[in-house]
Amino acid sequence: MALRPALIAIGAATIASFAAGWWTGLAAKSHPETRPAALLAPPPSLRPAQPVSALTASATAPDDPTFKQKILPFLQKYCVDCHNADKASGGLTLDGYQTETQARKNRKDWAAVQHVLAAGEMPPKKKTQPAKDEKEFVVTWIETALTKTDCTGPKDPGRVTIRRLNRAEYNNTIRDLCGVDFKPAEDFPADDVGYGFDNIGDVLSFQPILLEKYLAAADKILDKALTLPTLTATSKQKFPAQNLSVFPRNAKPADSKEIVFGSDGNASPADKFNFPEHGEYSFRFRGWGKKAGGEFPKVVLRIDGRDVKTFTVDAPKDKQETYEVRERLPAGEKKVLVAFVNPFEDKKQEAIRQFGLSFIEIEGPFNAVPRPDPESVKLLLVARPAGKADHRAAAEKVLSTFARRAYRRPLKPAESQRLMKLYDVAAAQDEPFEKAVRLPMKAVLVSPHFLYRIEDDPPDPNGVRTLNDFEFATRLSYFLWSSMPDEELYRLAEQGTLRDPGVLGAQVRRMLKDPKVRALSENFAGQWLQLRNVKTLTPDKGFFPAWDDALRAGMVGEAEAFFEYVVQNDRSALEFLDADYAFVNERMAKHYGIPNVTGEQFRKIRLPDTRRGGVITMASTLTVTSNPTRTSPVKRGKWILENVLGTPPPPPAPDVPELPPTGQLKGTLRQQMEQHRANPSCATCHAKLDPLGFGLENFDAIGSWRTADNKQPVDSSGVLPDGAKFKGPAEMRKVLLGKADLFRRCFAEKLLTFALGRGLEYYDTCAVDEIVSAAKTDQDRFSALVLAVVRSDPFQKRKGKRSE
């Protein structure tokens, strides 16, 4: 399908010119971040949230003297000794805040201060403690002046940075757009990660090498998608006697070029013969026959056990003849043989009927049935010219349909005209129709309207705009499928009915049952549960000889199958915390000590005991939160705080020593950590981290169950800072279920972050509250969570670029 060199040169120059126009036009719109300087720059840092003046009156409110009179003295007395620019304990610096206006510019810091003061975690117990009313005053002021969000007035939906398709989205979009299932983006540079996901607009930068990759990928995609079927030319294959497979073996002397049968036997090409087309084939064999018992030899041509024709072979040995039959056959591999079927021998008369065979020959195909077009060709070439005069009209229909689907919106007349100019360039070189449309198709595949998810800003930079139905359909499909909208979503967007409550609910449920929702497991769950990290882990096989690639793949497969089951069966999201079932294949069942499971296929089983249940006790989670030679209660506790409870701990102090290597540990790991925790600078955080990690100490560093550590009994009990007690993983999961509201909020925040492609800010609190409430009202069903996300203001609306 390669284009001629002259056309390639013309096409490359033309596409470059068109691409420059596209990018310039895009940058001229209200998307300053799409200008080349920004597109080619390194990923921007994830700056602290800045207030949005239009919708948050407190961001521009005059300073309250309370800050200088009450809050600042409190900070200086109890906080800044540790939380200053030099020490920055817990990653928090407070000495730079001198006015309320400065404080409003970073509400996340103040939310953290409010939390630790209210929980009694700060100041540390060894430090001077504020009076109760003094502390309560500061906590109340922070909530009232800085962190409280008014959910009764106009809501700020936030603003998503224009988003480039990441590698997974590109692969999936190409699959659905062009009907080819391969992964062209595997050759692209890795995508950066922000807020835990790789679909965040702020970090999806555009590197110069990407344009080269896009151009090369477009050629590969169109080569594969627009390959028209061609019929195999007629050919002849001859199989001489010495190359035939013979039964019985003694019918074929080793030094003979002829096979002589005196008893039942057959000869055939050694392997099955491949018939490339559905068509007619001629079958020939050359041989002779010796008459006995009043009959000449009867020889049958047999194909896949079916007798095609029986021949009477009456040619003498010195005048062999060729016998032939033509048969219509479907394409595919088939066994062809020539069989001698009427042997006769009279030993008294010394008479024997014989059949001699010199070769078998197969020729064809003749009158072959044309092959149907591949699905990709049917998808892309929606019109074909009937005559020369129809070429341009057919091209216009093909290109307008393709571009409309690629851009995920109706095509503008000027865009259609530009594509037709490219077609005219190719057509002027007398290229066949299917090759002439390739040039504008390639231009579409390197256009920013395909590579980016573009949404219009409101006319007022500080205003709010509801997304149009095509933008909304695009957000919805990339959220759940990591791919473009299908025709049903597009049709509803065109009709303007996609947002109707009944329609939207039905579409969400349809999409959650579609096989394409596997992308949510791979891309959302794969990053929330850190399954992608499992693929690069290297536990020490000296300590864990059971570790192998089959176990690695099984860990990922188990977690993905569990997540997909919850999604597609609309189960409660609380089953991620605890469940009485799991998904295992033979390898994972062996790892878990579960009998009677065979094969590589994952299947749902009821767990035989309460050791495991939900995602926390899956081998993938336990392994990704361990060290190569031992478990890590700190990593496991931190994982639960961050990914289950949504209360991440601050960064560790820089001067805390490491634990000794595994071989040098005295006693259990828990005993060593309790000594480590005696350090006052570590005690506050470890009081939250360690108990959760200790609750999982019955699982080793690759998730196998154990009852001893370093030859001493495992103590998997724990006491949380709020006084909740547990012993072992089963009781710990019940404690976590008692904190279901924290999990609901954490999961809703992560789902909304992934759906929006941006980090959440303080003004998203109202939307998160509504999502949690809606899910809780509907028994935490997964579809209720998704529906609440897609109905939220941040998902449905877009704020303009605020003035800096």
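Which two residues form a disulfide, and how far apart are their sulfur atoms? The pair is C151 and C766, with sulfur atoms 2.0 Å apart; a disulfide here is a pair of cysteine sulfur atoms within 2.5 Å. The structure holds 1 disulfide.

Before going on, a word about what you're looking at. This is a predicted model, where local features need pLDDT of at least 70, side-chain atom pairs count only at pLDDT 80 or more, and totals for chains, interfaces and linings use all residues. Residues are numbered from 1 along each chain as its sequence is written, and side-chain values use heavy atoms, with hydrogens and water left out.

Back to C151 and C766. C151 lies in the loop between α6 (132–147) and β1 (163–164), while C766 belongs to helix α28 (residues 765–777), so the pair ties together parts that are 615 residues apart in sequence. Helices (H or I, at least four residues) and strands (E, at least two) are DSSP runs, numbered from the N terminus. The torsion about the S-S bond of C151 and C766 is about -90 degrees, which means that the disulfide is left-handed.

Buried means under 20% relative accessible area, exposed over 50%, and partly exposed in between (1.4 Å probe, protein chains only). Two other cysteines are worth a look: C178 is buried with a relative accessible area of 0%, and C746 is buried with 2%.

Now find V160, which also sits in the loop between α6 and β1. V160 counts as buried, at 5% relative accessibility. Setting aside its neighbours within four places in sequence, V160 is in contact (heavy atoms within 4.5 Å) with R475, L756, G757, R758 and R798. From the C-alpha atom of V160 to that of I200 is 8.7 Å, and the two residues are 40 residues apart along the chain.

Finally, turn to the sheet. Here 5 strands form an open sheet with antiparallel pairing, in the order β3-β5-β12-β8-β9; two strands pair if DSSP finds at least two bridges between them. At the edges are β3 (244–247) and β9 (306–312), each pairing on one side only. Further in, strand β5 (residues 265–269) pairs with strand β12 (residues 336–340) in the antiparallel sense over 3 bridges.
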